[in-house]
Amino acid sequence: MIATILLSIGIVFLAELGDKSQLMALTFALRYRWWVVLGGIATATAGVHLISVAVGYFLGAALPTRAISLVAALTFLAVGLWTLREHLGAPDEDDEPRPPRSTAAPFLVVLSAFLLAELGDRTMFATAALATDNSWFGVWLGSTVGMVAADALAIAVGIAVGKHLPERLIGICSGLLFLYFGSTTLLGAAVPSLGMWASAGIAAVVPVVLGAVILMRRVRAASVVEVEEVAAESARPGR
């Protein structure tokens with residue numbers, strides 16, 4: 001049992017390093033309290049891995065992975081647009097550096113996002129494969145611990161970064177990352193022949209272009225404010 005747990009921890013931990021779930025964990029950690037993010041990830045991971053070890057390959061073969069991916073893509077895109085709308089309309093006072101604040105129902109947001117992202121993911125099938133030759137409980141426990149540990153590293157990075165960045169910048173970057181996740185997932189589901197790297201490269205166009213537009217608007221707005229301040233200073237009596 002102990003050997004199975006350790007094997008599952010090692011395999012899943014290494015598989016998750018650099019995976020999209022780590023990027024998602026980091027993104028959520030920029031916006032929500034770390035224990036809320038970790039709790040949502042742990043709950044979602046435990047549920048998905050319990051399904052995979054209980055039913056194994058049979059459920060994996062019958063799982064409508066494309067439909068799940070499409071729903072996940074729409075969810076990520078909606079969260080990204082909502083986040084951008086929320087922070088682009090915020091007052092300039094939010095530009096002061098401070099820790100990110102939580103919003104309504106963050107636990108459910110994290111839970112649902114990770115459930116959709118992990119259903120049909122390679123980790124789920126790897127867990128199912130391990131469960132065919134090992135103790136299902138050991139595989140379930142080890143795979144859950146391994147994934148939560150990998151995502152906890154990303155959360156720690158998010159906490160460290162979030163302490164030194166303005167809240168508006170954090171929100172905009174989070175929104176752009178979710179648009180990237182959504183675009184990547186949508187391309188992978190709609191055009192699976194593209195492959196992982198091609199989908200990732202094409203999907204990057206969406207947040208890059210949108211980010212450039214936002215940056216140009218911010219620079220232009222700052223220039224207008226600066227011109228107005230100079231004009232007001234020149235108009236003062238005695239000038």
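These are my notebook entries on a predicted model of one protein chain.

**Ground rules.** I number residues from 1 along the chain as its sequence is written. Because the model is predicted, I read local features only at pLDDT of at least 70 and side-chain atom pairs only at pLDDT 80 or more, while totals for chains, interfaces and linings use all residues, and side-chain values use heavy atoms, with hydrogens and water left out.

**Entry 1: the whole chain.** I looked up the elements and found 11 helices and 0 strands. Here helices (H or I, at least four residues) and strands (E, at least two) are DSSP runs, numbered from the N terminus. I then checked how much of the chain is buried (under 20% relative accessible area; exposed is over 50%, partly exposed in between, with a 1.4 Å probe and protein chains only). Buried residues make up 39% of the 239 residues.

**Entry 2: helix α1.** I checked the length of α1, residues 2–16. The expected span is 1.5 Å times one less than the number of residues. For these 15 residues that gives 21 Å, and the end C-alpha atoms are 21 Å apart, so the two agree.

Which residues of α1 are buried? I found Thr 4, Ile 5, Ser 8, Val 12 and Glu 16. Seen down the axis, they fall within an arc of 95 degrees (taken from the directions from the helix axis to the C-beta atoms), so they line one face of α1. A handy reminder for me: an α-helix has 3.6 residues a turn, so residues three or four places apart point the same way. On the other side of α1, I noted Ile 2, Ala 3, Leu 6 and Leu 14 as exposed.

Entry 3: I found Asp 19 in the loop between α1 and α2. Is Asp 19 buried or exposed? Asp 19 has 9% relative accessibility, so I count it as buried. I also looked up Ala 150, which is 131 residues from Asp 19 along the chain; their C-alpha atoms are separated by 9.5 Å.

**Entry 4: α2 and α8.** I saw that α2 (residues 20–31) packs with α8 (residues 136–162) at an angle of about 40 degrees, their axes 7 Å apart.

**Entry 5: the UniProt record.** The unreviewed UniProt entry places "transmembrane region" features at several spans, including residues 169–191 and 197–216. I found residues 169–191 to be 96% helix, with end C-alpha atoms 32 Å apart. Residues 197–216 are 95% helix, and their end C-alpha atoms are 29 Å apart.

How values were computed:
UniProt positions are given in the numbering used here, feature names are shortened, and annotations may be inferred rather than shown by experiment. Axes are lines fitted to C-alpha atoms, for helices over the stretch in contact, and angles run from 0 to 180 degrees between N-to-C directions.
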